[in-house]
Amino acid sequence: MRKVTALLLAAAMVIGLSACGKKEEPAATKGAETKSETKAQTETKAAEGEESEAKEEKAGDYRVLIGCSNMSGSFYSWLSNTCKKSLEGLGIEASIVDLKSDSANVPSLIEMAVSGGYNGLVIDKPDHEQDTDTLLKEAAEAGVYTVLVNNTAGDDGVSCYVGLDNYTLGYCIGTAASKVIPEGAKGLILKATAGNTGSEDRYNGWMDAMKEAGRDDIEILDTKNSKDWSKEGAMAVMEDWTQIYTEFDFVYSLCDDMVCGCIEVCDAANFDTQKIQFFGIDGLANGCNAVKAGTMTATVLQNADDMGKVTAETLLEMMSGKDTSSRKFALEGTVITSDNVDEIIAMHEENGMMQ
């Protein structure tokens, strides 16, 4: 699995010492110089130690609010918790606020950070297209810096963006699927909330991948929107489909929670889930278990641990004044199949996502 390279390199301090001439110095002089150098080095180390302690104390004074898109969603809760853990690992106090998939809660979160004396914000907006430019510029002017996580689409000029591009995720899983879906297959595509940019991007990425792979032999029986990104919402649509279609070869849905809901419904309706191919995105514990069990053909890992680490380090740079510029950090996904699922499960077990 490809890893995110380190974003911060420690600066190396090189101390140059004067070279001695050929002429031998008197012993007393050499001793005095050595003593002077030792004292200077000691003072330098002490000063560096005081500076380091001051930085640690300053970092310990930072307070950050994390806006989670929806804590009931497996990926969103993983992402928010790993952001919190990464921030706390840097000595920064962090609290999570559940936005409950409601964009109306985002302005309130920003106001809470500004009026509450917070130094930073981490926001996973329920709708990445929501216009928060003015609010976040005002927050930055008030000394509250923001990282928009799970988001690389915006450009407000003041925030940093960390995540995986939704179109690329859809294209990635679409490319993988184009190689294994049988010729002449018939399938169903379940999108998330109608009009949601992330949903449309993941759908369009899949469709473009299929087109570029020349898979015009594939027939899409139906494409529908769920009420949201939840397992329950997906199950409601899938239940309708199992009443309409007696046969289909694959199902693509936009996150693992939704796909697992579809698999559960198909199992209950006596469809052969070992034969039907299911494709998702996120690489969560439930998705990995489904791949391991043979019911999900493939998913794409969004590594929330990597996102959390980059987010915390970037926000600390901003709050400390080291780099307050607006930047984007586009990370990479990993396709998970039966060939590498054990490796991903081991990762989830190590980070506590799986027991």
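Does S77 count as buried or exposed, and at what relative accessibility?

## Residue S77

S77 counts as buried because its relative accessibility is 17%; buried means under 20% relative accessible area, exposed over 50% and partly exposed in between, with a 1.4 Å probe and protein chains only. The model is predicted, with pLDDT of at least 70 needed for local features and 80 or more for side-chain atom pairs, while totals for chains, interfaces and linings use all residues. Residues are numbered from 1 along each chain as its sequence is written, and side-chain values use heavy atoms, leaving out hydrogens and water.

S77 belongs to helix α2, residues 74-89 (helices are DSSP runs of H or I with at least four residues, strands runs of E with at least two, numbered from the N terminus). A polar atom of the S77 side chain is 3.0 Å from the backbone oxygen of S74. Leaving aside residues up to four places away in sequence, S77 touches C68, N70 and M71 (contact means heavy atoms within 4.5 Å).

## The open sheet

β7-β6-β8-β9 is the order of four strands in an open sheet with parallel pairing (two strands pair if DSSP finds at least two bridges between them). From one strand to the next, the twist averages 15°.

Strand β6 (residues 186-191) is joined to β7 by six bridges. I189 has T223 in β7 as its bridge partner.

## Helix on the sheet

Helix α6 (residues 197-212) packs on the sheet and touches β6, β7, β8 (250-253) and β9. The direction of α6 makes about 155° with that of β6 (axes are lines fitted to C-alpha atoms, for helices over the stretch in contact, and angles run from 0 to 180 degrees between N-to-C directions).

Note on methods: Polar contact = N/O pair within 3.5 Å; in protein donor to acceptor, adjacent residues only side chain to side chain.
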